[in-house]
Amino acid sequence: MEDAAAPNSGSDLTLGGKRGCRVGDNFVKAVVCTGPVAGGFTKGRGITVCSNYLTIQDEVNQVVIHELIHAYDECRAKNLDWTNSQETIHKAIADAKEWQAAQELGASSQPQHVKANAPTRTSPAADSRPSCFVDAAWNPITEVCGIGGIFRGVNSSRLPNIHYSCRFISSALMAEAIAVRSAVMKAASSNIRSLTVYSDSQVLISMIKTKETRPALYGILFDIFYFSSLFETISFMFIPRLENSEADLVAKSALAAVDNLSVDGV
């Protein structure tokens with residue numbers, strides 16, 4: 001695994017624009033973690049990447065991107081005067097306009113093959129293209145989720161299955177979206193040009209197909225839309241939970257490993 005390099009100098013680098021937060025030296029650090037977690041973001045300390053649990057550069061990239069979203073959100077909240085209701089309103093309006101502009105830009109650059117239909121129940125056996133079955137398991141008490149993904153139709157050594165955990169996840173829908181993003185990013189980085197992603201979250205599949213969004217999922221959905229544009233053909237399909245049992249087991253396994261450590265006090 002390549003080292004997760006920190007910025008050479010934190011004097012000129014900030015998160016969140018002009019009113020952002022200074023990013024100091026070693027903002028991103030590779031450390032040895034005591035539990036099977038991918039990494040995390042801690043306010044005032046930066047991003048940690050668990051070098052003893054991440055084995056390939058793509059996994060490091062996904063963790064850093066995910067934790068940067070948390071860092072960015074924390075920075076924006078820090079610079080917002082919540083006691084000033086007028087500023088809060090203006091900020092909400094500005095964020096909404098920013099998202100709308102990004103959506104319009106993304107829509108204009110999306111290839112025509114990305115369909116925007118209602119959730120569709122399609123038999124996986126009827127699709128011979130490379131595919132990935134994804135699922136997520138979420139613990140609302142610890143706000144930790146396990147991510148699972150099973151690739152089919154591709155060489156397993158070229159594209160290994162997805163199995164990791166994330167912290168600070170605020171909803172089951174966010175966890176499901178992270179699972180889809182992981183599949184799309186991993187396939188795109190492996191030069192796969194055709195993909196079908198199966199998820200048992202009907203709400204999420206509908207959002208992706210109709211380009212709907214929610215503030216809490218902005219960064220995740222933006223990544224999904226962007227990386228989707230790198231494929232020649234890509235589809236997002238709803239699959240009943242009973243037909244997604246393999247991915248479900250992988251996700252629950254990733255979550256259980258973290259939950260067991262929490263119970264044992266490690």
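## Ground rules

Here, a residue counts as buried when its relative accessible area is under 20%, exposed when that figure is over 50%, and partly exposed in between. E246 comes out at 44%, so this residue is partly exposed. Keep in mind that this is a predicted model.

## How α4 sits against α5

Let's start with a pair of helices. Helix α4 covers residues 202–210 and helix α5 covers residues 218–228; they pack at an angle of about 60 degrees, with 11 Å between their axes. That angle makes α4 oblique to α5. The crossing of α4 past α5 is right-handed.

What does each helix bring to the contact? On the α4 side you'll find L204, M207 and I208, and they meet L221, I224 and F225 of α5. Sorted by class, the contact of α4 with α5 has 6 nonpolar residues, with no polar and no charged ones.

## Salt bridges across the chain

Now for the charged side chains. Side chains of opposite charge can pair when their charged atoms come close. The count for this model is 6 salt bridges.

One of them joins D135 to R241, with the closest N and O atoms 3.7 Å apart. D135 belongs to strand β6 (residues 131–139), while R241 is in the loop between β10 (233–238) and α6 (245–264), so the pair ties together parts that are 106 residues apart in sequence.

R152 and E246 make another salt bridge through their side chains, at 2.5 Å from N to O. This pair also links distant parts of the chain: R152 is in strand β7 (residues 144–152) and E246 in helix α6, 94 residues apart. R152 is partly exposed, with a relative accessible area of 36%, and E246 is partly exposed too, at 44%.

K252 and D248 are 4 residues apart in helix α6, which means they are separated by about one helical turn. K252 is partly exposed at 46% relative accessibility, but D248 is buried at 11%.

Which residues join up into a network of salt bridges? They are D135, D200, R241, D248 and K252.

Terms used. Residues numbered from 1 in each chain as written. Predicted model: local features only at pLDDT ≥ 70, side-chain atom pairs only at ≥ 80, totals over all residues. Heavy atoms only, no water. Axes fitted to C-alpha atoms, helices over the stretch in contact; angles between N-to-C directions. Helix = DSSP H or I, 4+ residues; strand = E, 2+ residues; numbered from the N terminus. Parallel < 35°, antiparallel > 145°, perpendicular 65-115°, else oblique. Left-handed = near helix turned anticlockwise from the far one by under 90°. Contact = heavy atoms within 4.5 Å. Nonpolar A, V, L, I, M, F, W, Y, C, P; charged D, E, K, R; others polar. Salt bridge = Lys/Arg side-chain N within 4 Å of Asp/Glu carboxyl O. Buried < 20%, exposed > 50% of the residue type's maximum accessible area, 1.4 Å probe, protein only.
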